[in-house]
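Subject: Structure handover and findings

Hello,

Here is the structure for your files. My notes on it follow below.

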Amino acid sequence: TQYNVKLKNFINKNSTILIVSLLLFMLILSATGVYNKSLAFDERCFAGMGVYILKTGNLKTDGSVYHAPLSFYLNSFFLNFLEIDERTWTKDICWDRGIDFAFNSGYDPKFITFLIRLPFILLSLILGIYIYLFAKKLYGKNAGLMALGIYAFSPNILSISVYALTDFPLICFAFITTYYFH
């Protein structure tokens, strides 16, 4: 019908705007959601773990023994630019170190939480781009936009992608690997 032709023309002309809008929607929801959610149980241990590993070279601390260190380096990326008391990194127990770092560092705990989670929010946007590209490669531009829309509005993705845990980087990089080896 005439309506379908107009819709297809609109999508073809404005696909870049639609992609950016969906990713911007995700960014806004995720970034504002950080301030409404306190640190998750494991995040208290993982907070600043990457900085701790880089400063001490100790990969055998509790918390890092059971997980790959990539997510720790990711959650600590923006923390490297802060001035944190060196005594924080002398604690070997990750729960004590993480709580001390998040709540006694001299910075607002919400700001620290935001910096810890920001790399994971950016990773969710990168995953969204790859979901679009993969669906587009398999089924065309409209399928790519639909897949990105489903991803961007998925409550599961919106909830897990804002936590600095070890799960989401695994999901993201496994999918990206699938994209390149398909």
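Predicted model: local features only at pLDDT ≥ 70, side-chain atom pairs only at ≥ 80, totals over all residues.

Helix α5 and helix α6 (residues 109-139) pack with their axes 7 Å apart, at an angle of about 115 degrees. On the α5 side the contact is made by Phe101, Ala102 and Phe103, and on the α6 side by Pro109, Ile112 and Ile116. Sorted by class, this contact has 6 nonpolar residues, with no polar and no charged ones.

Some of these residues come back in the core. The largest nonpolar core has 27 residues, and those that touch the most other members are Met49, Leu79, Leu82, Trp89, Phe101, Ile112 and Ile116. Two or more residues come from each of α2, α3 (49-56), α5 and α6. The element that gives the most to this core is α6, with 7 residues. As background, nonpolar side chains in soluble globular proteins tend to be buried together.

Trp89 is worth a separate look. Its place is in the loop between α4 (70-75) and α5. Is Trp89 buried or exposed? With a relative accessible area of 5%, Trp89 falls under the 20% limit and therefore counts as buried. Setting aside neighbours within four places in sequence, Trp89 is in contact with Gly48, Val51, Tyr52, Lys55, Thr56, Ile84, Arg97 and Phe101. Phe101 is also one of the α5 residues in the contact with α6. As a distance for orientation, the C-alpha atoms of Trp89 and Ala174 are 32 Å apart in space, and the two residues are 85 apart in sequence.

Next, the disulfide. How many are there by the distance rule? The count comes to 1. Cys45 and Cys94 form a disulfide, with 1.8 Å between their sulfur atoms. The torsion about the S-S bond of Cys45 and Cys94 is about -100 degrees, so the disulfide is left-handed. Cys45 lies in helix α2 (residues 41-46) and Cys94 in helix α5 (residues 94-103), so the pair ties together parts that are 49 residues apart in sequence. Both cysteines are buried: Cys45 has a relative accessible area of 1%, and Cys94 has 0% relative accessibility.

- Asp100 is found in helix α5. Its relative accessible area is 16%, which is under 20%, so Asp100 counts as buried. Not counting residues up to four places away in sequence, Asp100 touches Thr88, Lys91 and Ser105.
- Ser124 is placed in helix α6 and is buried, at 0% relative accessibility. With residues up to four places away in sequence left out, Ser124 touches Met26, Tyr151, Ser161 and Phe168.
- Pro155 is in helix α8 (residues 155-160). At a relative accessible area of 61%, Pro155 is over the 50% limit and so counts as exposed. Pro155 and Cys172 are 17 residues apart in sequence, and their C-alpha atoms are 16 Å apart in space.

Last, the values for the chain as a whole. What secondary structure does the chain have? There are 9 helices and 0 strands, and along the sequence the pattern reads α-α-α-α-α-α-α-α-α. Taken along the principal axes, the C-alpha atoms fill a box of roughly 70 × 35 × 25 Å. The chain has 182 residues, and 43% of them are buried. Among contacts in the chain with a separation of 6 or more, 74% are between residues 24 or more positions apart. The chain exposes about 10,200 Å², of which carbon and sulfur atoms supply 65%.

Regards

Definitions and conventions. Residues numbered from 1 in each chain as written. Heavy atoms only, no water. Disulfide = S-S within 2.5 Å. Helix = DSSP H or I, 4+ residues; strand = E, 2+ residues; numbered from the N terminus. Buried < 20%, exposed > 50% of the residue type's maximum accessible area, 1.4 Å probe, protein only. Axes fitted to C-alpha atoms, helices over the stretch in contact; angles between N-to-C directions. Contact = heavy atoms within 4.5 Å. Nonpolar A, V, L, I, M, F, W, Y, C, P; charged D, E, K, R; others polar. Core = buried A, V, L, I, M, F, W, Y, C linked by side-chain atoms within 4.5 Å. Areas by Shrake-Rupley, 256 points an atom, 1.4 Å probe, with all protein chains shown as cover.
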